[in-house]
Structure formats: C-alpha cells, structure tokens
Amino acid sequence: MTSRITSRGGEPVLIRRAVARDAQRLTRLVRSSRAYEGPYAAMVAGYRVGPDYIETHEVHAAVGADDRVLGFYALLLAPPELDLMFVADDAQGLGIGRRLVDHMTGRARAAGLDRVRVVAHPPAEGFYRSVGARRTGTAPARPPAVLWDRPELEFPIGV
C-alpha cells in the first residue's frame, strides 16, 4: 500500500513499503534522533535496522520529493505491535508522524487486527496519546539494554 500525502509544510510525501536498500537510511535516522540524546543515547548507539528486519515486517517509510526518508514505522503483526517509529528531527512538526500513524492503523485494519500495542520511548508518550493511543500500563526497565520504565499504550483499531 502506497499513500501520497502532503506534509503540513506543503511538501509532497510518499508513504511506501520500505525495501532492503533503505536499511542504512533507516538506521541513520534512528541513531541520529535527538530524542535519544543524553541518558537515552546508549539505547540506539549500536542499533541497526537490517534488510532482514525490513523484509520480515511491515516497515513503511515516508519519503520526500527528493527521495529523503522523513520517517518510518515498523508494524509487527503477531503479536500486534508498533515496534519502531521515527521521524527525522528536521521533519518533526510537519504532520509526518500523524500520517505515519494513520497509515499504520490502516495497515493494521487491513490485516484484521483490533489493537496495536506500543511500548514508547518516555518522551514520545504525549505524541502517541495525541494520535489516539491509550495508556495501558508500564513496561519495566530491562537492564542492560533499557535502564528506565517505559509507558505501554495501545491503539484501538476499528475493524
């Protein structure tokens, strides 16, 4: 499923299925995210979005007119979970994240899912709640990979 949208900034944006050759760009987007600076930096320091991950899961990228990746998400179908979602720092505030969530819920609906779980990066909770996710609990820290508790949310999917 490919969707053509316009960002709030007026830029044409294409949401398309990610392909293996996008792996380095998606990895770079994750590792360079300002949301993971300071105490959160260790979590993404060695993170890699590999071609195998892209081919195995529902990974979709928002791409600008210049073919630059503005953001992406990864939807796992079993169990249903939004595993990754990132928007480039300089593309935040343009509506890219909201459009990626809309696309993700459409894909989840098409797959017959009734809900999608999200274990969020703590600073992202407000965004997820603003686009329809409901807080369901807290995922405890899992040292050494994750040193802090994280909000657990759920997107209801109208089937």
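This is a predicted model: local features need pLDDT of at least 70, side-chain atom pairs count only at pLDDT 80 or more; totals for chains, interfaces and linings use all residues.
Visitor: What is the phi of Asp-67?
Guide: Most residues other than glycine have a negative phi. Asp-67 is not a glycine, yet its phi is positive. The value is about 70°.

Visitor: Is Asp-67 buried, partly exposed or exposed?
Guide: The relative accessible area of Asp-67 is 41%. Buried means under 20% and exposed means over 50%, with partly exposed in between. Because its value is 41%, Asp-67 is partly exposed.

Visitor: Which residue is joined to Pro-79 by a cis peptide bond?
Guide: Pro-79 is in the loop between strand S4 (69–77) and S5. Most peptide bonds are trans. The bond that joins Pro-79 to its partner is cis, with omega about -10°, and that partner is Ala-78.

Visitor: What is omega for the peptide bond from Pro-143 to Pro-144?
Guide: Pro-144 belongs to the loop between strand S7 (134–139) and S8. The bond from Pro-143 to Pro-144 is cis. Its omega is near 5°.

Visitor: What volume does the largest pocket have?
Guide: Rolling a probe the size of a water molecule over the atoms shows where empty space is left. For the largest pocket, the computed volume is about 950 Å³.

Visitor: Which residues of the lining are the closest to the centre of the largest pocket?
Guide: The lining of this pocket has 40 residues, divided into 26 nonpolar, seven polar and seven charged. Those closest to the centre are Tyr-36, Met-85, His-121, Ala-124 and Tyr-128.

Visitor: Which element gives the most to the lining of the largest pocket?
Guide: At least two lining residues come from each of helix H2 (41–44), strand S5 (80–87), helix H4 (96–110), strand S6 (115–119) and helix H5 (125–130). The greatest contribution is seven residues, and it comes from S5.

Visitor: Is His-121 buried or exposed?
Guide: His-121 is placed in the loop between S6 and H5. Leaving aside neighbours within four places in sequence, His-121 is in contact with Ala-35, Tyr-36 and Tyr-40. A polar atom of its side chain lies 2.7 Å from the backbone oxygen of Ala-35. Because its relative accessibility is 9%, His-121 counts as buried.

Visitor: Which helix gives the largest share of the lining of the second largest pocket?
Guide: The second largest pocket has a volume of about 160 Å³. Among the residues that line it are Arg-25, Arg-28 and Asp-89, and the lining divides into four nonpolar, two polar and four charged residues. The largest share is three residues, from helix H1.

Visitor: How far is the backbone nitrogen of Arg-34 from a polar atom of the side chain of Asp-89?
Guide: Asp-89 is in the loop between S5 and H4. Setting aside neighbours within four places in sequence, Asp-89 is in contact with Ser-32, Ser-33 and Arg-34. From the backbone nitrogen of Arg-34 to a polar atom of the Asp-89 side chain, the distance is 3.0 Å.

Visitor: How far does H4 reach from its first C-alpha to its last?
Guide: H4 has 15 residues, and 21 Å is expected at 1.5 Å a residue. Its buried residues include Leu-100, Val-101 and Met-104, and Gly-112, with a positive phi near 85°, follows the helix. The reach of H4 is close to the expected value, at 21 Å.

Visitor: Is Phe-155 buried or exposed?
Guide: Phe-155 has its place in strand S8 (residues 150–156). Not counting residues up to four places away in sequence, Phe-155 touches Leu-82, Val-101, Met-104 and Tyr-128, among others. Because its relative accessibility is 2%, Phe-155 counts as buried.

Visitor: What is the relative accessibility of Ile-54?
Guide: Ile-54 is part of helix H3 (residues 51–56). Apart from neighbours within four places in sequence, its contacts include Val-19, Leu-26, Val-49 and Val-59. Ile-54 counts as buried, with a relative accessibility of 1%.

Conventions:
Residues are numbered from 1 along each chain as its sequence is written. Side-chain values use heavy atoms; hydrogens and water are left out. On a 1 Å grid over the protein atoms alone, a cavity is a set of points where a 1.4 Å probe fits but cannot get out, and a pocket is an open set with protein on both sides within 12 Å along at least five of seven lines; lining residues have an atom within 4 Å of a point. Grid points are joined across faces, edges and corners, and a volume is the space filled by probe spheres set on the points. Helices (H or I, at least four residues) and strands (E, at least two) are DSSP runs, numbered from the N terminus. Ala, Val, Leu, Ile, Met, Phe, Trp, Tyr, Cys and Pro count as nonpolar, Asp, Glu, Lys and Arg as charged, and the others, Gly among them, as polar. Buried means under 20% relative accessible area, exposed over 50%, partly exposed in between (1.4 Å probe, protein chains only). A polar contact is a pair of N or O atoms within 3.5 Å; within protein, one must be able to donate a hydrogen and the other to accept it, and residues adjacent in sequence count only if both atoms are side-chain atoms. Contact means heavy atoms within 4.5 Å. The expected span of a helix is 1.5 Å times one less than its number of residues.
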